[in-house]
Amino acid sequence: MLNDSVATLMPSLFSYLLVGAALLSLGIFGALSRRNMLGVLIAIELIFNAANINLVAFNRYLHPGQPWGQAFAIFVIALAAAEAVVGLALVLTIYRHFKTVLSEDLNILKG
Amino acid sequence: MIDHAHLIPLLPLAASVLIILFGRWLPLEGAWLAILVALAGLVQSSVILVGVFTRPEVLLPNLGPAGRFFEMSWDWFSIGNHRMELGIMIDGMSAMMLVVVTLVSFLVQVYSLGYQRGKPRFGRYYAYLSFFTASMLILVVANNLLQFFIGWELMGLSSYLLIGFEFERPAAAQASRKAFITTRVGDLGFYLGLLLIFTSLGTANFGILGAESVKTIGPGLATAIALLLFCGTVGKSAQLPLHVWLPDAMEGPTPVSALIHAATMVAAGVYLLGRFSFIFALSPVAQTVVAWTGGLTALGAALSALTATDIKKVLAYSTISQLGYMVLAMGVGDPQAGMFHLTTHAFFKALLFLGAGSVIHAVHTNEMPAMGGLGKKMPVTFITMFCAWLAIIGFPYVSSGFYSKEAILAAVYEKHEIALLAIAGFTALLTTFYMTRLMILTFIGTPRDAERFRHAHESGLSMTLPLSVLAALSLFAGFLLHYIWPFANLVPRAAHAVAETVGHGPEGGGHAVVLALSLAALGLGLLGAYTVYILRNPDPEKMAARFPGLHALLTVRHFDRFYLKLADWLCFKPAAFLQAFDYAVIDQFLVDGVGAVGRLLSRIQSWIDDNIVDGILVNGFGGMATRIGAGLRALQSGAVQNYLLGAALGAFALLLWSVGVFG
C-alpha cells in the first residue's frame, strides 16, 4: 500500500506510459532506419524495454503489492538476452559471409 | 496309235519345257530332244494318217456332217449347264495337218542343226520351235473352239518369240511386236466369234456344232459368226488388210520363216476356215467376203513380190499370195481344194525357205542383186529349189502345186466367179514370173558379187537332207494325194455333202477351160521372165526411173502407211490431246488449284494460330502472369527493414482498429 506522501512524490502513471511510448517510437524508428544491423538490434532492445516500462508501471499503479508485472518484465529481459545472443550470432555469421553488416546490401531474397 | 493322239501335242510341249529348264546341261543344249520328239510325233501322225486312209471306219467311228471323226475328251470345267472340255478330235483334215506340221517341224529342226550352229541361245531356239509346234498341234487336234483358241494364241506368243529371236537387232524386235499386235487385231474378232457361238449355241464342241448348226443357226447369225471367225483368219493368215506383219516377220531366223509359212501360224487361219466350213456354207455373204478377200490378197501380194529384191521378202509375199489362193478356195465353198493346197504349199514353201536359208547361209546376204550364178556352187540347193519352183508355178503333172492349184481354179470356175477366176489366173501368171525371176537372179547367170560368190559353198548334210526330202514331196505329194490316196477321201468337197467325194482336177469334166487358163498363165509368165531377165536383163534402177508411178505402187507399203496414219489418228493424236488435257486441266487447274486453295487456307489458319491462339491466348496468359509477377516482385525487396515496416504498419493498423478508429 502507498501512503499519500509517497504518492505525491511519485510521478503519475501517464508520465511512465509517455516514456514507454517514446521508447517504443524511438525503437521502431531505429529498427526501420538504421543501416547497421547492430543498430537495428539495439533499437529492438529499446522496443523490449519500452514494453518492460509499461509492464512495471501498470503493475505498480494498477495492482500494487503483486509481483506479476515485474515477474513478466524479468522474463522479457531474459528473452531479450536470448534474442540478442541469436541476433548477434546471426550478424557475426552474416559478416563473415558477406563482409558487411549493412542491411541495404543484404537483399539476396529479393524477388 | 490314235488312242494316244493326245501325246502328239503334249510331247513337244514337255520337250520345250525340259529344254528351257535343263537344256544347258544337255548335249547340244537339248536340241536332240526336240528333234527326237518331233520324229516321234511324225511317226505317230503318219501311222494315224495311213490308218485314216486304209480303214477309216475303224479309226474314225463317229460320223459327222464334215465326215468321219475320232473323238475323246476330258472335262475341264463347267459353268452352269455349259461344259468345257479338253479333247482330241481327229478327222481326215486334222490327220493330214498333223503329218504336215510334224513333218515340216521335224525337217526344220534337223535343218536348224546346221543353220543355227554356233548362234547364241541355241537351246532356247529349239525350245521355242518345240513350243511353236506344240501350239499348232494343240490347235489341230482340238475338238472344241476354246482349245482351238488356246492353241491359236499360244502360237501368237511363240511366233512373237521366234520372229524376235535375234532381238539384239531393233528391226527383229520391232517385227515381232508388229506381228503380235497385228494378229491380235484379228484375234479380237475371232474371240468375239467364239463368244457368239458359245452364247447362241451353248457349246463349243466341233462335232455337236457341226451336227446342230444347220438346224439352229439362222442366216444372219451364221453371217455374223462366219465374219467374226474370218477376222481371225485375216490376222493369222495374213490376208488383206492385216497382211502387213508377214513381210516383216522375215526378221526371224530363216528356218523359223519356213515353219511359220509352211506348217504353223499362217496355216492355222486356213485350217480354221476348213474347220468351220459348215458355218460358212450357211452364209453366202460371208463366203463372198472370204472369196474376194482371198482373191485380192493373192493378186496384191503377187504384185508386191515382183519388185522385192530381198529373197525372203519375195517368198513372204508369195506366201501371202498362196494363202490368198487357199482362202479363195474356202470362199467358194471348197475346203477340200483349200486344204489340199495348204498341204502341198507347206512342202514347197518350206523347201523354198530352207533353200533360201541355205543360199543366205552361203553368201551372207538376203539381197538377190548380190547373188547370181550360185547354181554351180550349190547344186543340191539349186536342184531342190528347182523342184519347189516347179511346184509353186504349178508345172503340169510333175509337180504337187499343179494339182492343188488346179483344184482351186476348178472350184472357182464351178462357182461361175469369172472375175475371181481371172484374178486367180493372172496371179498364177505373176507367180510364175516372180518365182522364175527369183531363180534366175539367184542361181543363173554370172555372179554379180565376185567376193561373195568365191566364198559361197554348198551347205552341210543336216541342211541338204531336209531339202531333198521336201523336194521329193514337192514333186510327188500332189500326184500321191490325187491318185493313190485321194485327198477327197480326207476332206469332203463341201460341207454337208458327205457323199460327194468325186475327184476333180485337171481331167475333171468341163475343166479344159481351167487347164487352158493355167497353162496359158504358166507359159506367159515363163516367157515374160525369160524375156526380161535372160534376154534383156535390164538395170532395175533404170526400170524404176522409167515407170516411177508403177514402181511406187508396187514397192511403197501403202497399208503400213495407212496403219501409221490410223495409229496416228486413233492413238497418238488422242494421246497428245489427253496429255494436253492432263497437263492443262488436271495438273494445272485441278491439282495446282487445290494446292493454291490449300495454301490460302493454310495461310489463314497460320494467321489465326499466330495472332489469336499464340498472341492472345498463350502469350496473353503468360504475359499476364509475368506482369502480375513483376508487380508482386517489387514487394519482395529482400530488404529486411521493408518487411519490418510492413509489420509495424500492420501492428499500427491493428492498434487503430482495436481502439475503434475504423468503426
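Leaving aside neighbours within four places in sequence, which residues is A:Val101 in contact with? Select A:Val101 and find out.

This is a predicted model, in which local features need pLDDT of at least 70, side-chain atom pairs count only at pLDDT 80 or more, and totals for chains, interfaces and linings use all residues. Residues are numbered from 1 along each chain as its sequence is written, chains are lettered from A and ligands numbered from 1 in the order in which they are written, and side-chain values use heavy atoms, with hydrogens and water left out.

**Stop 1: A:Val101.** Look in the segment after α4 (68-98) of chain A; helices are DSSP runs of H or I, at least four residues, numbered from the N terminus. The contacts (heavy atoms within 4.5 Å) are A:Arg35, A:Asn36, A:Met37, A:Val91 and A:Tyr95. A:Val101 is buried, at 19% relative accessible area; buried means under 20% (1.4 Å probe, protein chains only).

**Stop 2: the interface.** Show chain A with chain B. Their contact takes 12 residues from chain A and nine residues from chain B. Together they bury about 850 Å², 61% of it on carbon and sulfur atoms; this is the accessible area (1.4 Å probe) lost on being put together, summed over both.

**Stop 3: helix α12 of chain B.** Select residues 266-275. Here 10 of the 10 residues are buried, so the helix is largely enclosed by the rest of the structure. Among them are B:Val266, B:Tyr271 and B:Arg275.

Definitions and conventions:
Buried area is the accessible area (1.4 Å probe) that two parts lose on being put together, summed over both. Buried means under 20% relative accessible area, exposed over 50%, partly exposed in between (1.4 Å probe, protein chains only). Helices (H or I, at least four residues) and strands (E, at least two) are DSSP runs, numbered from the N terminus.
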